[in-house]
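Have the sequence and the 3D view handy, and look up each residue as we get to it.

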Amino acid sequence: MNRPVVFLLGLLLMVSKVYAQTLTVSGEVTKPLTLQAAELKAMPHTDVTSPDRDGKEHRYSGVPVIELLKQAGISTGSELRGKHLTKYAVVKAADGYEVVFALPELDPAFATRTILLADSVDGTALPAGTGPYRVIVPGEKKPTRWVRVVKAIEVRIAE
Ligand SMILES: Nc1nc2c(c(=O)[nH]1)N[C@H]1C(S)=C(S)[C@@H](COP(=O)(O)O)O[C@H]1N2
Ligand SMILES: [Mo]
């Protein structure tokens with residue numbers, strides 16, 4: 001292959017790699033976000049331990065979903081009342097899979113568990129097909145909402 005072609009292919013690979021690790025937070029927020037991997041990595045991380053499908057405990061590390069929503073400007077804590085209580089977050093994956101969380105499920109002023117956007121398990125990055133980001137819902141009896149390959153979080157308001 002000639003040099004310009006190799007260069008273009010390399011560029012395409014780089015762009016697609018960056019895109020694959022980008023997370024957007026959009027919808028009914030005051031500051032829509034497009035977070036690059038480096039920005040997410042730099043945010044304060046929290047650990048949660050939860051049994052996996054295999055029944056074994058694993059330690060997940062990541063950013064609490066509520067922190068991402070806060071950065072996008074949603075109302076939390078004592079401000080999470082009235083009309084704000086009709087808001088919910090839709091977590092969307094690369095394969096089109098989507099699940100919903102009501103805001104109080106995510107807000108530490110209400111919830112007893114931390115729902116995490118994890119980027120590592122037991123100290124290593126999540127494998128392809130699961131990561132770079134996966135939602136962890138500790139203690140939930142089914143892993144149905146443990147969304148793999150999260151691409152976007154969209155806040156909506158119930159009609
Ligand atoms: N992106 C995405 N995440 C997903 C799913 C899916 O189809 N796509 N399935 C869910 C369901 S129904 C289950 S049971 C768990 C399975 O998790 P595992 O692949 O780690 O066993 O992933 C959840 N997360
Ligand atoms: Mo499932």
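Predicted model: local features only at pLDDT ≥ 70, side-chain atom pairs only at ≥ 80, totals over all residues.

**Charged pairs**

Side chains of opposite charge can pair when their charged atoms come close. How many salt bridges does a search of the whole structure find? The count comes to eight.

| Salt bridge | Closest N and O atoms |
|---|---|
| Arg 113 and Glu 105 | 4.0 Å |
| Glu 105 and Arg 145 | 2.7 Å |
| Arg 145 and Glu 140 | 2.8 Å |

Look at who turns up in these rows. Glu 105 pairs with Arg 113, and Glu 105 also pairs with Arg 145. Glu 105 sits in helix 4 (residues 103–106), while Arg 145 is in the loop between strand 9 and strand 10, so this pair ties together parts that are 40 residues apart in sequence. Arg 145 in turn has a salt bridge to Glu 140. Through shared partners, Glu 105, Arg 113, Glu 140 and Arg 145 are joined into one network.

Are these residues buried or exposed? Arg 145 is buried, because its relative accessible area of 16% falls under the 20% cut-off. Glu 105 is partly exposed, with a relative accessible area of 25%. Arg 113 counts as partly exposed at 25% relative accessibility, and Glu 140 is partly exposed at 25% too.

**A histidine and its partner**

Now hop over to His 58, which you'll find in strand 4 (residues 57–64). With a relative accessibility of 15%, His 58 counts as buried. Which side chain does His 58 join in a polar contact of 2.6 Å? The partner is Asp 122. If you skip residues up to four places away in sequence, His 58 touches Val 48, Thr 49, Ser 50, Asp 52, Val 121 and Asp 122.

Asp 122 itself lies in the loop between strand 7 (116–121) and strand 8. Asp 122 is partly exposed, at 41% relative accessible area.

Most residues other than glycine have a negative phi, and most peptide bonds are trans. You'll spot Val 149 in the loop between strand 9 and strand 10 (150–157).

Then there's the peptide bond between Gly 131 and Pro 132, which is cis, with omega about 10 degrees. Pro 132 belongs to the loop between strand 8 (124–125) and strand 9 (134–136).

**The nonpolar core**

Last stop: the largest nonpolar core, which has 39 residues. Which of them touch the most other members? They are Leu 40, Leu 68, Leu 69, Leu 106, Leu 117 and Val 135. Take Leu 68 and look at its contacts, leaving aside neighbours within four places in sequence: Leu 23, Val 25, Leu 33, Leu 35, Leu 40, Met 43, Val 63, Leu 117 and Ile 153.

Note on methods:
Residues numbered from 1 in each chain as written. Chains lettered and ligands numbered in written order. Heavy atoms only, no water. Helix = DSSP H or I, 4+ residues; strand = E, 2+ residues; numbered from the N terminus. Buried < 20%, exposed > 50% of the residue type's maximum accessible area, 1.4 Å probe, protein only. Polar contact = N/O pair within 3.5 Å; in protein donor to acceptor, adjacent residues only side chain to side chain. Contact = heavy atoms within 4.5 Å. Salt bridge = Lys/Arg side-chain N within 4 Å of Asp/Glu carboxyl O. Core = buried A, V, L, I, M, F, W, Y, C linked by side-chain atoms within 4.5 Å.
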